[in-house]
Amino acid sequence: MQLGLVGLGKMGFNMRERVRGAGHEVIGFDPRPEVSDVASLPDLAAALTAPRVVWVMVPSGPVTHQTITELAEVLEPGDLVIDGGNSRFTEDRPHADLLAGKGIGFLDCGVSGGVWGLENGYGLMAGGAEDDVARAMPIFDALRPEGERADGFVHAGPVGAGHYAKMIHNGIEYGLMHAYAEGYELLSAEDLVTDVHGVLRAWTKGTVVRSWLLDLLVKALAEDPEFAEISGYTQDSGEGRWTVEEAINHAVPAPVISAALFARFASRQADSPAMKAVSALRNQFGGHAVQRISESGQP
């Protein structure tokens, strides 16, 4: 099968290699000429044989919208566009309608696997019409992990379902990562535990908390004990926020995911205004000591 792939960053580049490794032809476009197979989106459309399948793997938001808008002008009726980025699910229906006006199909596909997907395969969550999913199945099969299809691929529902499923997946990821991080900090705080890395590694086989994320935490500690080279400042890419918003919209309690998101916000505050207020209140009502900022700006 032939595939056009737009976006050859950390994920897209490896996806191109994995699909090629499965015996398919992939023609990629990226603004960086050193990794691109063609010079432009019109050149990509010209290089593909109709009916085309084009996978978009670019940052969510305006870049995705611009890319899909441009593809609508260079593709033809009968072609199919797959948005595999981390777009918000509410953007999928407008994109599907835009392309449908040109006779072009649309699928949204959540993709999980990160930089390890080239070797291990990617977990895939697709949204869209059954016929479009079936048409793209050779590519989905090339990208997913080996084994039973249902263990690495799902047709989650109509347009929007794939990105909705990936959003919830990433919200869960926030909670899991923070639970492991809190456990690591507690182990590190106790003098009785003399081999924190060894404890975490011992959990990777047989225990009820074993997981790939735990494996990665163990690997990270082996490479940088005590995380001496890493700042605690932690970004969020959007999916955690959207998951919490959906929890509110559906009146679904999500305290773990919400707390993990807010913890990331806290990581960006060198000196928390909220905790300053707490300290001031303790001093006011109980006369508790406060730590003053020196003239140099340091506590």
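**Rings, salt bridges and buried spots**

Trainee: Which residues do ring pairs link into a cluster?
Mentor: Trp55, Phe140 and Phe153 are joined that way. A pair here means rings of Phe, Tyr or Trp (its six-membered ring) with centres within 6.5 Å; planes under 30 degrees apart are stacked, over 60 edge-to-face, and the rest tilted.

Trainee: Before we go on, what am I looking at?
Mentor: It's a predicted model, where local features need pLDDT of at least 70 and side-chain atom pairs count only at pLDDT 80 or more, while totals for chains, interfaces and linings use all residues. Residues are numbered from 1 along each chain as its sequence is written, and side-chain values use heavy atoms, with hydrogens and water left out.

Trainee: OK, how many aromatic pairs are there?
Mentor: The ring rule gives six aromatic pairs. One of them is Trp116 with Trp212, edge-to-face at 6.5 Å centre to centre and 90° between the planes. That pair links distant parts of the chain, 96 residues apart: Trp116 is in the loop between strand E5 (105–112) and helix H5 (117–120), and Trp212 is in helix H9 (residues 212–223). Helices (H or I, at least four residues) and strands (E, at least two) are DSSP runs, numbered from the N terminus.

Trainee: What surface patch do they make with Val115?
Mentor: A nonpolar one of about 290 Å². Val115 sits in the loop between E5 and H5 and counts as exposed at 51% relative accessibility. Patch members have over 30% relative accessible area and no salt bridge; nonpolar side chains (Val, Leu, Ile, Met, Phe, Trp, Tyr) are joined within 5 Å, like charges within 9 Å. Areas come from the Shrake-Rupley method with a 1.4 Å probe, and for residues only the protein chains shown count as cover.

Trainee: Switching to charges: how many salt bridges are there?
Mentor: The whole structure has 15 (a side-chain nitrogen of Lys or Arg within 4 Å of a carboxyl oxygen of Asp or Glu). Among them is Arg241 with Asp236, with the closest N and O atoms 2.7 Å apart. Arg241 is partly exposed at 37%, whereas Asp236 is buried at 12%.

Trainee: Which residues do shared partners join into a network?
Mentor: Arg16, Glu17, Arg20 and Asp37, through salt bridges that share partners. Arg16 and Asp37 have their closest N and O atoms 3.1 Å apart. Those two are 21 residues apart, with Arg16 in helix H1 (residues 10–21) and Asp37 in the loop between strand E2 (25–29) and helix H2 (41–47). Arg16 is buried at 4%, but Asp37 is partly exposed at 38%.

Trainee: And helix H10, what does its buried side pack against?
Mentor: Helix H7 (161–189) and helix H11 (255–267). The buried residues in H10 (residues 239–249) include Trp242, Thr243 and Val244.

Trainee: What is Thr243 in contact with?
Mentor: Leaving aside neighbours within four places in sequence, Thr243 is in contact (heavy atoms within 4.5 Å) with Met167, Ile168, Gly171 and Ile257. Thr243 has 5% relative accessibility, so it counts as buried.

Notes: Buried < 20%, exposed > 50% of the residue type's maximum accessible area, 1.4 Å probe, protein only.
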